[in-house]
Amino acid sequence: MRTKLDACLDSVNQVLLGKEAQVRLALTCLLARGHLLIEDLPGMGKTTLSHALARVLGLSFQRIQFTSDLLPGDILGTSVFDKDSGQFVFHPGPIFAELVLADEINRATPKSQSALLEAMEEGQVTIEGATRPLPEPFFVIATQNPVSSGGTFALPESQLDRFLMRLSLGYPAQAAERALLLGDARRDLLPRMESILDHAELARLQAQVPKVRASDALIDYVLRLVEATRSQPQFAWGLSPRASLALLAAARAWALLAERDYVIPEDVQAVLPSVVGHRLRERADPTGHGGGSLVQWLLREVPAL
Amino acid sequence: MRAALKPLWRRWLARRIPPAASVRLNQRRIFILPSRVGAVFAVALLLMLLVGINYQNSLAYGLTFLLVSVFVVTILHTYRNLAGLVLKAGGGGAVFVGEQARFRVRLESPEREHQAVALGWPPSELVVRDVPRQGQTEVDLSQPAVRRGWLRPERLRVESRFPLGLLVAWSWVDLDQAVLVYPRPLEGELPLSAGLGEEEEEEGMRARGQGADDFQGLREYQPGDSKRRLDWKAYSRGQGLLVKDFAMLSGRDLWLDFDSLGGDSEMRLSLLCYWVLQFTERQQAFGLQLPGQVIAPDYGEGHRDVCLRALALFGARA
Amino acid sequence: MSSLPGIPRIALTWLLVAQVLVIVPHLVHLPLWMIALWLGAAGWRVQIFRMRARYPNGWAKGGLVLLVLAGILLSRGTLVGLDAASVLLIATFTLKLLEMRTRRDALVLIFLGFFCVVTAYLFEDGILAALYSLLPVTALLTALVGLQHSGFAERPWPPLRLAGGLVLQAIPLMLLLFVFFPRMGPLWSLPMPSDKGVTGLSDSMEPADIAELSRSSALAFRASFEGEVPARGQLYWRALTLERFDGRRWSQSSYADVPVAPQWSKAGESLDYSIIMQPSGKRWLYVLDVGEMAQDSGRMMNDFRWQRLRPVDRPLLYQVRSWPEAAREASAEPPGLRQALQLPEQGDPRSHAWAAELKAKYPQSDALVAAVLQHFNREPYVYTLRPQPLGRDSIDEFLFDTRRGFCAHYAGAMTFVLRAAGIPARVVAGYQGGELNPNGNYIQVRQFDAHAWVEYWQPGRGWRSIDPTFQVAPERIEQGLEEALSAEDGFLDDQPFSPLRYRELAWLNQLRMSWENLNYGWQRWVLGYQGEQQLKLLQNWFGSLDWQRLAIALVGTGALVIGLLALWLLKPWQQRPDPQRQAFRKFERLLARHDVRREAGEGARSFALRAARQLPEQAEQIETFARCFEQQRYAGGPASRDALRQALSDLRRALPWRLSR
């Protein structure tokens, strides 16, 4: 089973060169049933990553390009009057896919954003009074551009909290970029990818995540981390209990990917930047984003044992 | 004598209880002595012993010994009431000179209950709190902010006389807390400086800050925005609450310049502080020019904080 | 303290409770109006707390003080002395309630309360009183705890639990102090409680006095014998001799007060016993003839009685050795013998005549005495506690008319007759017999055991004791007063509830005996634990009495007790890091000597990896330890200290030896 996971990773890594860590984190996020926010410049392979993940995991894939005129109905779907039957027929929106790529989410209006985020949170959508369940599994990979240009709506803190992880892919290493330039066009490789896991296998893997052992000593470490954010003066605010749950879930999934049935502090540390980075803010810099230096501080100063 | 011993005492304390954001009280850090009430109690016990001796009364002896033993046992209880208590520094917001700087201290009990724990900076009154078993409580302590810059309080006294008040167990902890104190705002005339360099000249008119002059576009409603600027049409279209954003044509950037002011430096800083607050309130963009430091024009709360911080710490790092 | 003025509600509640508990044992001797005073003060204080009344102003306070002083003066007749002082103390304790505004005032009140408890001990020091006093002490401590509360606490029970715990935890140390703390004599003399209503023998005797005593079942003393307890009939406890007779009343002669021990010689077997005497308010001690005791317990007076310098006003323990067969003043005529022949100038002519008749008939004093005894035995004399009242010539009327009476009548009449016949004689007052407590092997002598008998002097043989009562009612001597009065129904008939009346009920009697036994132990080991008793006990324990050794024993045991208590209270083992953590610390220290130091945020595995890279030769051992640690700490493997220790020692062996860096 786990070798299949490794095969998944290898397969994605062949498409997305030199991003092993990010790919692993993305897969971790999906295993932990979390949604992923990718923050990066255009052209860094966000779409490729999402698409590749969908292929290897055998998930149906939909991409929604968020724009300022996107309406909630465009995401969720609308009821259209069908002349033949004389009834309103529901046309499901792109959100009814197993893996949804919400591209440039910060371009859309808050209303559209929250339509997506509510669906993410509840696993179902309510349109015109009728509640419709989203497919199972259901992942959202949202992307946003870090350079806020005119006409964007930054996600508020409360919405950021709904993403299990935030990643940024970054520029590829030189060797990887060379291989990129020399090889085939990446997107052409995608259709050739084969799905490695089926739905049942994925569900079984996901069910295994909560069973990964987290010992008392480890829970203590997580508590120490959370505690530090709540008591240290450089943090504008502390992590929420939801964040500590997220941290533990992600660490479990990471341990599972590392073929271990128990979590060690290193697992927590591996996922810490992507899980808590977007949830923290420096007190001295209340407008700025990202607790990059705070996360580094946590990794460095909070006793791991 | 006392004054001569103070630095020695401080150094000794600093070694014994080094400053840290989180301090757990243990036997190295807790001192314990009989309180004044305890001394009176001892005198009362002595009198009772005299009754026992003079009347050759075994029961009077017995009660005296019982109370002596209670006193001894109370040493353990008083110590126990502080031991294991964890003090943690909480954040405190910046204040202006003349205000009360608040320091938040969190008391946590990993194990047992701690009752009537008093903390503060003597000679001002101590704040008394109970800490529930495996729980926590927060205390806001205040100290007057007298000078701008970082305000680092003295060592904090934590004491407890529980359960009988006959003994006092105490500790001096340094939670490494600091609060930034901004200069006291001082109302006054402001000779505006006309900017930094020539390259700014050619841009000429710039739209910065929120004003009422020029329609810039729509932006998301934030609590506090004027209701009159709501875009009701957009709302009825289901686009959510949007606000029509107007920019103020500010002509040239406003520059607050330290050098253009008169008076001693503290007064100048106070004046600058006042105007930083004024401009922010008017949502006007401005820049700040201090000797050795230039903050580019901007507006908003973040910008204000950056400017105030620069004013508070002016000269401190030099 | 001064910064916390208000008195929390809990503290006030407990203070009021404590006051009631403190005052209750004093009620026996307090004037009744004190209750009203307390009720008034408590009510007022509660109203103040509820903001419905104000604190009394200066005038009101002054008036109250004057009122109380007047009350004490009226009910006690004086303002000095222990009784008045104790009333004054309680009154202060009560009135202070009205003045209690701050925590400091409450503290004063609590300390006063402790003094009131101590004062109560001076009036009543029984086992029940001592146990009871734990209640007010705990309540006062509870109030003290309540005062320390931050004001957030509202429930009344936690402070009580805490105070009770404090008392319980203090008890071992208290016992230690009680045993070892050196006792010393009184530093100065203090007034004693006077209204103890001590019943007992007095230094003069009219027959009615002893009849009065026989109605009291109060304890006089207890005696425990070292060997076999002698038969009842031999237990004549001498208290004093009465030599002077004024026609009605026998009293002590001044000559008996000469503190010169008379001449006597030991003979026969001796008896060793110790006596715990109840306070009598008198100076004499009780001994069997002829007693001998340590010099500091008392002195033998001219009439063989033992006397202390100061009255016995608290329970007293003393050791006696008696020589029942000793000859007393046999060799020479005692200097004060004339006193033993004194008779009133006139009165009782019939007795004088009878004495002359006897004298003529029996020139030998032995024979004369025997004849008198025989007379009591043969003639129809009746032993009763309810004799007819006697007129002017009381001896004549008793001997020849009424012939009804008890020990005092018989002893007085016989002494009269002997003296009239020219034989020196005197009345001895004391106690006879006593009840053997089989549980404790000691004898309890009560007031109703009071007795009077006769001793006469004979040249060459000295003083000899005889008991005319034995001739009339031998069962009084052999079995006790109850048997002697069985026909008369006069035994303790005005004490219907005295357990002594129900001695036939076996279980009740057993219960009573056990209770007496407990009291005896209390008297002997607690109340009597003073000077000599303590020395004796400590000598028993430690052989020689070396104060240095005692101090070491006290400090050592005290430290042990406190140490155990500290362990129990603080439970340091709960704070100790777990064995895995300890082992890992050792691992870190070991590697630190080789300059591999773990960062705070570094996990075990990454640290081990780094260490293995830096120390490639020991990589295997390092990784083994790290794996073992990880298995136990994170993977839920069985916690085994040995496995970690083993891995650690493997690593230590693999590493080149280095002290530290």
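**Reading the model, one feature at a time**

Author: Let's start with Lys266(C), which is partly exposed because its relative accessible area is 47%. Buried means under 20% relative accessible area, exposed means over 50%, and partly exposed lies in between (1.4 Å probe, protein chains only). Before we go on, this is a predicted model: local features need pLDDT of at least 70, side-chain atom pairs count only at pLDDT 80 or more, and totals for chains, interfaces and linings use all residues. Residues are numbered from 1 along each chain as its sequence is written, chains are lettered from A and ligands numbered from 1 in the order in which they are written, and side-chain values use heavy atoms, with hydrogens and water left out.

Reader: Which side chain meets Lys266(C) in a salt bridge?

Author: A salt bridge is a side-chain nitrogen of Lys or Arg within 4 Å of a carboxyl oxygen of Asp or Glu. Here the partner of Lys266(C) is Glu292(C), at 3.0 Å from N to O. This pair links distant parts of the chain, 26 residues apart: Glu292(C) is in strand E10 (residues 291-292) of chain C, while Lys266(C) is in the loop between strands E6 (264-265) and E7 (271-277). Helices (H or I, at least four residues) and strands (E, at least two) are DSSP runs, numbered from the N terminus. Glu292(C) is partly exposed too, since its relative accessible area is 27%.

Reader: How many salt bridges are there over all chains?

Author: The count comes to 48. Another one joins Arg598(C) to Glu588(C), with the closest N and O atoms 3.1 Å apart. That pair also links distant parts of the chain, ten residues apart, with Arg598(C) in the loop between H19 and helix H20 (604-614) and Glu588(C) in helix H19 of chain C. Both Arg598(C) and Glu588(C) are buried.

Reader: What does the side chain of Glu159(B) make polar contacts with?

Author: One partner is the side chain of Arg157(B), at 2.7 Å. Another is the side chain of Arg161(B), at 3.2 Å, and Glu159(B) also forms a salt bridge with Arg161(B). Glu159(B) sits in strand E10 (residues 156-160) of chain B. It counts as buried because its relative accessibility is 9%, whereas Arg161(B) is partly exposed at 21%.

Reader: Now for surface patches. Which residues form the positive one?

Author: Patches are made of residues with over 30% relative accessible area and no salt bridge; like charges are joined within 9 Å, and nonpolar side chains (Val, Leu, Ile, Met, Phe, Trp, Tyr) within 5 Å. Lys and Arg count as positive and Asp and Glu as negative, leaving out His and the chain ends. The place of a charge is NZ of Lys, CZ of Arg, CG of Asp or CD of Glu. Areas come from the Shrake-Rupley method with a 1.4 Å probe, and for residues only the protein chains shown count as cover. In this model, Arg585(C), Lys586(C), Arg589(C), Arg593(C), Arg641(C) and Arg652(C) form the positive patch. Helices H19 (579-592) and H22 (641-654) of chain C each supply at least two of its residues, and H19(C) gives the most, with three. Arg641(C) belongs to H22, and its relative accessibility of 47% is why it counts as partly exposed.

Reader: What makes the nonpolar surface patch?

Author: Val20(C), Val24(C), Leu27(C), Leu32(C), Ile35(C) and Leu39(C) make it, over about 510 Å². Leu32(C) is in the loop between helix H1 (9-23) and helix H2 (33-49) of chain C. At 69% relative accessible area, Leu32(C) is exposed.

Reader: How far apart are Phe376(C) and Thr469(C) in sequence and in space?

Author: They are 93 residues apart in sequence and 8.3 Å apart in space, C-alpha to C-alpha. Phe376(C) lies in helix H10 (residues 365-378) of chain C and is buried, with 2% relative accessibility. For a case in chain A, take Glu104(A) and Phe66(A), 38 residues apart in sequence and 5.6 Å apart between C-alpha atoms. Glu104(A) is in the loop between strand E5 (99-103) and helix H5 (110-122), and it counts as buried at 15% relative accessibility.

Conventions. A polar contact is a pair of N or O atoms within 3.5 Å; within protein, one must be able to donate a hydrogen and the other to accept it, and residues adjacent in sequence count only if both atoms are side-chain atoms.
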